[in-house]
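Subject: Structure handover

Hello,

The structure we discussed is below, for you to look over. My notes on it come after the sequence and coordinates.

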Amino acid sequence: MELFLVSLLDTRRRAFSSLGTSSAPDDEKVKAKTISCFQGQLFKLKSKCAPIVSQPYRTWSLSDSMSQLADRLAADGIIVEEDCALRNPVPEPRHHRPKPRTHSMYSSRMYHPTYYGDAVVQESCVLGSDGESVEVSPCTSDQMPNSAPRYVVNVKMRQKPARKWSEEEIQKRLSLPADLRLPVSVLEKLNKAPLDQPLTRKNRRASLSEIGFGKLETYERLERLGEGTYATVIKGRSLLTNKFVALKEIRLEQDEGAPCTAIREVSLLRNLRHANVVTLHDIIHTDRLLTLVFEYVEKDLKQYMDSIQDRYYMNLKNIRLFIFQLLRGLAYCHQRKVLHRDLKPQNLLVTARGELKLADFGLARAKSVPTKTYSNEVVTLWYRPPDVLLGSTDYSTHIDMWGVGCILYEMAKMRPLFTSVSREEQLGFIFRTLGAPDPDRHPTICSSPEFPNFFRQCYDDGLGQKRRLEYMCREFDKRLFDLLRRFLQYEGRDRMSAAEAMEHSFLRVLPPGVFQLKDDESVLTVPGVKLEPERTDESRISTLPAERSFLQK
Amino acid sequence: MSNSDGDDGCEIVAVVAGPSTSSSDDPSTSNLSSKETPRPRRIYEFIIRCCIRLEALNRTACTSILLMKRLYERQIVKCICNYSLATACILIASKSEEDSAVRIRDVVNCAHRILNPDEPAMEVDDTFWTQRRSLGRLEFVVLRELSFETYFEHPHQLLSIYLDTLVSWMPQEFEKFPIKDEVFSVLRDCYVIPEFVLEHSKESVALAVLSLVLKGHNITVPSCRDFYTIFSKHMTEKKLRLLEEEILQDVYYQRLK
């Protein structure tokens, strides 16, 4: 489709020169105009754009100074500002406000929302949050990247308790979480500046940068956790909070700029704030590396399952706890029109307390126009729904729900439901386990052009009954099996949605408090909800030793 | 390009980046007057034109324009060449919309061709590589300026649903005229006035565009003249006409009086 507008504008004068005033009613006028618009060849599609610009441009280039500016801006660090602001809702002039040239103390105080009292800030008086001088305050600059010269407290100036810009207040002012340990140099610098002036965006950013946000030095790299297709994940420690973080380092190909997965992951994650979605703390961009700083979670669900001593059974209460949190996180994402598209136990992080968090949104995408054909390579093969395996492009939230079913089975049985190396094998497994799709009930599967080939190839392998889901799950809790069955449906529209599944009788056993939580509240804050120790005999799904030996095969 | 602008000659401001421009919070340090900066509309048109040459998705163009619109609310537009920013926006939009057809090299070439129509196509030389590299860097500057917020909801999805419904209702008309393509082109054109798209509800925009194209072909929906009331309860004939007039006047500069 060629540019419409250009063609319209080009021929505008010709087409409309004849149109004068008309006495038709308004609607007729619009209509007449539009018709003539069309007749006047305005909608003719041109194969080439007409050159609109007659004068050559002086330049269209990013000069070297541009690059320098880019460097400088990048050096400041990329700060996800809302991150902090949400956690600490202090009124804060975050938006840019034109800064008057000269500032009288008064006028600025008048409209500065974080104005604290009327004592004059003494530039040279720096005190720690505990009221002592920074010299003895526990907040030292020893491990800070930029060790600043210690400031000498001028006792003479201390006529009245002018603890105006203590660490705490600066944290408040910059909307920072309270557990940050600010470097002394920052405290000092901020106190030198006339702080009761409104905080401009630039100043705030500069301050945040000095504190250490957006800087690689702020994070101590400890050990490698894993490697993905486009990123390396490293365990690190934030020198600001002294907490562990996960650093996802994305190699930048010089050729194509920022990788599209990274842009999407960040832009999606920054809009998702939920107790069951991993939190993005910071983004650091250096020349060769884009580092996303995530909260550190000890294990993923796969590691959790591997660590259970009894290798065959997981505590049913824990299954319930995890699947509920998984559904809760997914329901939140789906409501925000974000698909995860890559659910697997390795992408579900589990904290020591038993909180489950969705991670790795690299493949996730905000769903929008249905005309778009999504890439086929989305979900890891084992957790891919059959319609996607057959090449369906009708993606919706239901593609995630199949994966939930597979994970539910894996937790209950402690081994994956379908394990295959190829698309054909995977489809064969699925058809054998769930039975042949029926053309009337499962039109999407059966109408797929590739379906007949697969079906003939791999339906019967002689094992028959033992491959059926009912047989494989015969020792399962009834309600768990019912829930599982509702996820493992051939037709996308038949699969239970995450929000519906939370109401399922299997999960209704949980205390009612878990259904009334706010987004950012963890399920574990509800009394009675906790991670149960594994390997307790009474809560096993099955206790028959005979079945165990069957499973061992 | 527009009635008010007169001729199509357009003064582009080269990148004026020096020590003074880095303090982007203070408008007075920027030595560009509004006269020299191209109008936002021109930039939006540039984006559309570029996206068409790139054979990018319709949605990519729309997202780039909204990204650019957001940049206009920031000070960065005063110190960095707006065309460069627009090019970076196209790049970001193509990535965030998963438009794999768009590569950085093509973007540089396209922008060059459009902005310098009289010059030969770009050689793969040092200048090209410099531009390409700096565009990659500018992408990060823009991303940071936008705080990585690149997601928008467009009326496209709704429009697809409306079209789908109408196709089954009146298949002949849809065979005879390229209504589907035109509807999406008109919708994309509407983005040259991003305020129009943002201020009205998605339903209103989609319906106005649809109705305008149908009127252009002199098609009435058989036995359902006021089809818009079926799609949206809040739509009235008067409102629809106002929206249509707005598109004709503001987007296509058609005077109705």
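The notes below go through the chains and then through some local contacts.

Please keep in mind that this is a predicted model.

Chain A

Chain A contains 20 helices and 10 strands. Of its 553 residues, 55% are buried. Taking the contacts in chain A with a separation of 6 or more, 67% are between residues 24 or more positions apart. The accessible surface of chain A is about 25,400 Å², and carbon and sulfur atoms account for 51% of that area.

Chain B

Buried residues make up 60% of the 257 residues in chain B. For contacts in chain B between residues at least 6 apart in sequence, 75% join residues at least 24 apart. The accessible surface of chain B is about 10,200 Å², with 49% of it belonging to carbon and sulfur atoms.

A helix pair in chain B

Helix H2 (residues 58-72) of chain B and helix H9 (residues 179-190) of chain B have axes that come within 10 Å and cross at roughly 10°. Angles under 35 degrees count as roughly parallel, so H2(B) is roughly parallel to H9(B). On the H2(B) side, the contact is made by B:Asn58, B:Ala61 and B:Cys62. On the H9(B) side, B:Phe184, B:Ser185 and B:Arg188 take part. Sorted by class, the residues in the contact of H2(B) with H9(B) are three nonpolar, two polar and one charged.

Aromatic pairs

Over all chains, the structure holds 14 aromatic pairs. One of them is formed by A:Tyr409 and A:Phe476. The centres of these two rings are 5.8 Å apart, and with 45° between the planes the pair is tilted. A:Tyr409 lies in helix H13 (residues 398-413) of chain A, while A:Phe476 lies in the loop between helix H17 (469-472) and helix H18 (478-487) of chain A, so the pair ties together parts that are 67 residues apart in sequence. Both A:Tyr409 and A:Phe476 are buried.

Another pair is that of A:Phe431 and A:Phe451, with ring centres 5.6 Å apart. The planes of A:Phe431 and A:Phe451 are at 90°, so the pair is edge-to-face. A:Phe431 is in helix H14 (residues 423-434) of chain A and A:Phe451 in helix H16 (residues 451-458) of chain A, and the pair links these distant parts of the chain, 20 residues apart. Buried means under 20% relative accessible area. A:Phe431 therefore counts as buried at 0% relative accessibility, and A:Phe451 counts as buried at 8%.

In chain B, one aromatic cluster is formed by B:Tyr162, B:Phe227, B:Tyr228 and B:Phe231.

A histidine in chain B

B:His112 is located in helix H5 (residues 104-115) of chain B. Its relative accessible area is 9%, so B:His112 is buried. Apart from neighbours within four places in sequence, B:His112 is in contact with B:Glu119, B:Pro120 and B:Met122.

Regards

How values were computed: Residues numbered from 1 in each chain as written. Chains lettered and ligands numbered in written order. Predicted model: local features only at pLDDT ≥ 70, side-chain atom pairs only at ≥ 80, totals over all residues. Heavy atoms only, no water. Helix = DSSP H or I, 4+ residues; strand = E, 2+ residues; numbered from the N terminus. Buried < 20%, exposed > 50% of the residue type's maximum accessible area, 1.4 Å probe, protein only. Contact = heavy atoms within 4.5 Å. Areas by Shrake-Rupley, 256 points an atom, 1.4 Å probe, with all protein chains shown as cover. Axes fitted to C-alpha atoms, helices over the stretch in contact; angles between N-to-C directions. Parallel < 35°, antiparallel > 145°, perpendicular 65-115°, else oblique. Nonpolar A, V, L, I, M, F, W, Y, C, P; charged D, E, K, R; others polar. Phe/Tyr/Trp six-rings, centres within 6.5 Å; stacked < 30°, edge-to-face > 60°.
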